[in-house]
Amino acid sequence: MSQATPDERYHLITRRLQEVLGGEAIKALLVQGKTPKCYWGTAPTGRPHVGYFVPLTKIADFLRADVEVKILLADIHAFLDNMKAPLELVAHRTKYYKFVLLAVFESLGIPTSRLTFVEGSSYQLTKEYNLDNYRLCATVTEHDAKKAGAEVVKQVESPLLSGLLYPGLQALDEQYLDVDFQFGGVDQRKIFTFAELYLPRLGYAKRAHLMNAMVPGLAGGKMSSSDPDSKIDFLDPPDAVRRKIKKAFCEEGNVEDNGLLAFVEAVLIPISELRLERAAGETGSDPEEGAGANREEQKPFASEGAPAGTVFSVSRDEKYGGPMHFSTYGALREAFERREVHPKDLKSAVADALVSLLAPIRRRFEENKEWQEVMELAYPSPVPEKKKKKEKVYHPPPPGRGKNANLATTDAVTGIPATQAEATPLANAVGSDS
């Protein structure tokens with residue numbers, strides 16, 4: 001984007017975001033003709049899900065605006081987050097995440113040659129970083145550390161000290177990765193404001209922060225790796241994708257509490273727009289975008305015969321009016337609210353789009369034996385516990401009962417066999433006074 005104005009570059013950097021903190025600092029860099037530097041980080045804990053499409057698609061805009069992008073695989077953070085990933089699994093999960101992210105970027109047509117992958121442990125274990133961490137710990141209050149991590153660090157009744165370290169390390173990452181802004185989900189906001197407050201107290205520059213909206217889970221709430229029913233895995237087969245979409249909450253006419261509509265807005269339509277812009281040659285400063293990608297897999301989510309500019313199509317039976325085509329999310333939302341689009345038809349359209357979107361990722365996985373081996377190491381199948389056989393405890397029967405009850409024994413007083421003594425009144429056994 002050599003001919004683009006600073007305003008055009010800033011628009012690319014910030015479009016489709018929910019919030020921007022410190023945007024003026026980014027504008028100043030662009031006016032000076034500099035190349036901004038940013039990072040997006042992820043802690044390799046649970047298996048990544050399709051909600052990751054939101055930030056990964058946005059990275060295409062950064063590259064188009066000539067931003068240097070670093071991808072942080074935060075392995076130390078993964079261990080610190082209340083033991084979500086035991087230390088011995090972190091290395092395998094870090095490799096798994098890199099395989100997934102590379103496959104997703106390639107499926108989106110985003111050139112991975114322009115991305116720099118960094119593992120947190122490559123610098124977070126250095127003397128300098130740890131000294132800064134100690135300096136930060138001597139400045140930050142327990143209240144501020146706990147508040148900063150409230151939306152990100154797993155909250156438990158008796159939290160570990162590691163969860164309090166998490167926000168400080170993420171703040172220091174901005175300095176040690178040498179970036180101008182950090183990009184993440186809006187759930188990171190408290191950590192971002194924490195960094196803006198405390199980094200200057202260590203003598204470091206205050207960075208800008210860009211936030212994308214969070215993708216709702218299929219049953220409401222945040223899409224989470226720890227809840228298999230709320231999310232769709234990048235490697236889920238088509239039947240699993242369709243089953244999960246079919247079970248998703250989608251009330252007719254309800255546009256406020258509708259995870260499927262939110263997913264279309266946050267994931268599918270931005271990808272369609274990205275592909276339409278690429279087809280028109282609008283890739284800005286990223287001439288490599290889309291190079292080598294399968295053209296059939298780079299089409300917008302529009303059905304055959306859809307008008308130019310369509311970003312999403314919904315198939316309907318001809319007796320209900322036939323297919324509907326939408327050039328904006330707003331038009332789809334209005335049609336659903338007016339009940340022109342039935343939940344069943346919306347679910348079918350979303351499932352078709354997702355199956356096609358995930359197909360190249362699954363194909364790369366199936367063709368890559370190393371990735372398959374890494375997955376088994378990173379997420380081993382749970383070993384079912386063997387049921388212990390109950391040990392039989394012998395309880396002897398009371399006297400005169402059980403299988404030996406009929407064996408003759410002599411009563412110590414009467415001299416009569418025990419079984420006969422039990423049946424004979426004592427008076428008869430010892431004689432009568434009369």
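Is Arg339 buried or exposed in this model? Arg339 is exposed, with a relative accessible area of 52%; exposed means over 50%, buried under 20%, and partly exposed in between (1.4 Å probe, protein chains only).

This is a predicted model, where local features need pLDDT of at least 70, side-chain atom pairs count only at pLDDT 80 or more, and totals for chains, interfaces and linings use all residues. Residues are numbered from 1 along each chain as its sequence is written, and side-chain values use heavy atoms, with hydrogens and water left out.

**View 1. Two loop residues with positive phi.** Arg339 sits in the loop between α13 (329-337) and α14. Here, helices (H or I, at least four residues) and strands (E, at least two) are DSSP runs, numbered from the N terminus. Arg339 isn't a glycine, yet its phi is positive, at about 65 degrees. Asp66 has a phi near 65 degrees, again a positive value in a residue other than glycine. You'll find Asp66 in the loop between α3 (53-64) and β3 (68-73), and at 27% relative accessibility Asp66 counts as partly exposed.

**View 2. Asp173, a buried charge.** Asp173 belongs to helix α9 (residues 161-176). Asp173 is buried but has no salt bridge, meaning a side-chain nitrogen of Lys or Arg within 4 Å of a carboxyl oxygen of Asp or Glu. The nearest side chain of opposite charge, Arg207, is 11 Å away (Lys and Arg count as positive, Asp and Glu as negative; His and the chain ends are not counted). Leaving out residues up to four places away in sequence, Asp173 touches Tyr39, Leu72, His77, Tyr123, Gln124 and Tyr129, where contact means heavy atoms within 4.5 Å.

**View 3. Strand β5 and its partners.** Five of the five residues of β5 (residues 181-185) are buried, so this strand is largely enclosed by the rest of the structure. Strands pair if DSSP finds at least two bridges between them. Three bridges join β5 to the parallel strand β2 (residues 37-42), with Trp40 partnering Phe183. Five bridges join β5 to β6 (residues 208-212), also running parallel, and here Phe181 partners Ala208.

**View 4. The nonpolar cores.** A nonpolar core is a set of buried Ala, Val, Leu, Ile, Met, Phe, Trp, Tyr and Cys residues joined through side-chain atoms within 4.5 Å. The largest has 84 residues, and Phe312 is one of those touching the most other members. Helix α14 (residues 343-367) gives the most to this core, with 11 residues. A second, separate core of 27 residues includes Tyr123 and Tyr166.
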